[in-house]
Amino acid sequence: MHQTAQCGHTDTSDETVVLGVDTHKDAHVAAVITVQGMALGSRSFPTTAAGYQDLLAWARGLGTLKRAGVEGTSSYGIALTRHLHAAGLQVIEVNQPDKAHRRRRGKTDAIDAEAAAQAVLSGRAAAAAKTGDGHVEMVRMFKTAKSSAVKSRAQAINQLKAVLVRADPALRESLTGLSNPRLIRRCADLSPAAPTTASTAADYTLRTLARRILNLTEEINDLNTQITAAITAFCPQLLDCYGVGPDTAAALLIAAGDNPHRLRNQASFAALCGASPIEASSGKTHRHRLNRGGDRQANSALYMIVIARLRWDTRTRAYVAKRQTEGKTRREAIRCLKRYVAREIYQIITRPDPQARTQQAVA
């Protein structure tokens, strides 16, 4: 049963309206306001395909609908965002209301939904939402699975070495000095007896952990292949960029989304990656500081690209040396390089291979 809280109003079927949605796991609460800011009503809808259709039909029944502000467009609201995009609406990403505003008005889902619509109307929320329906979304899912597999493998390796410390001295000595790959392979090939003693239990555990590590390694390699294939299909030039590998390319593409043209310019992308300088001036002091906001995974990817170039690229090393002679610290020079790399990456991802884009559109 849909819960409805709708105020009385005159017919507004020809009036332009704005939709706001407060998203949750099992139900979304939608609110519609006029361009004058008057609330027309709010209603709850289930997070199902039928629920999304009902939400859109209800909102369009209150007026001419062109824009929608949605909270959590990359989490609970991603499926609704796809549905609204498919219906031809402009979907705006809305952050949660600020705490001061919430203290003044109170907290209900209907209030939050109306606040989302008001944020779109006032211009406080203006960033277009990610579409989340293409190769970059594929990369994001593969990257999520890979991250957990890498974490589990590291944990299993640490556990194997901890068990080895307490193993029988003869076994421990036979495995001393081996590299990790050889150690894991040797442990995986153990043929322990039935685990009836501490010694045989250690052998059994070492084999179990080693085989788990090998399985996780195979899984990680497969996900690396899938990530590389998805990146190549979306933006093949990105992997040709100096210092950019599959992991760093994935982090930067995930930050930009499947529709990188939603970013107004390269400065917007730099700010999104936390690589833009922030004014920190006061009185007679005029300076900039590092941006500690933005997508930290993307920021880390930019840093890794810069470090790779500093190690192997003579032009990058010459640039840092020049900046240091001008009085900048190495850290400040690296910040400048991150900003340069962000500009370079933006130009690449906003002009991907036309043939690849055509294939994606057909698919």
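How many aromatic pairs does the structure hold? Two. A word on the source: this is a predicted model, where local features need pLDDT of at least 70, side-chain atom pairs count only at pLDDT 80 or more, and totals for chains, interfaces and linings use all residues. Residues are numbered from 1 along each chain as its sequence is written, and side-chain values use heavy atoms, without hydrogens and water.

Pair one is Phe-45 with Trp-58. Centre to centre, 5.7 Å; between the planes, 55 degrees; tilted. To pair, ring centres of Phe, Tyr or Trp (its six-membered ring) must lie within 6.5 Å; planes under 30 degrees apart are stacked, over 60 edge-to-face, the rest tilted. Phe-45 sits in strand S4 (residues 39–46) and Trp-58 in helix H1 (residues 49–60), 13 residues apart. Phe-45 has 1% relative accessibility, so it counts as buried (under 20% relative accessible area, 1.4 Å probe, protein chains only). Trp-58 is buried too, at 10%.

Pair two is Phe-269 with Tyr-346. The centres are 6.2 Å apart and the planes at 35 degrees, so this pair is also tilted. Phe-269 is in helix H10 (residues 266–272) and Tyr-346 in helix H13 (residues 330–349), so parts 77 residues apart in sequence are tied together.

Helix H11 (residues 296–312) packs on H13 at about 110 degrees, axes 9 Å apart. That makes the two roughly perpendicular (65 to 115 degrees). Among the residues that meet are Leu-302 and Tyr-303 in H11, and Ile-334 and Leu-337 in H13; contact means heavy atoms within 4.5 Å.

Note on methods
Helices (H or I, at least four residues) and strands (E, at least two) are DSSP runs, numbered from the N terminus. Buried means under 20% relative accessible area, exposed over 50%, partly exposed in between (1.4 Å probe, protein chains only). Axes are lines fitted to C-alpha atoms, for helices over the stretch in contact, and angles run from 0 to 180 degrees between N-to-C directions. Angles under 35 degrees count as roughly parallel, over 145 as roughly antiparallel, 65 to 115 as roughly perpendicular and the rest as oblique.
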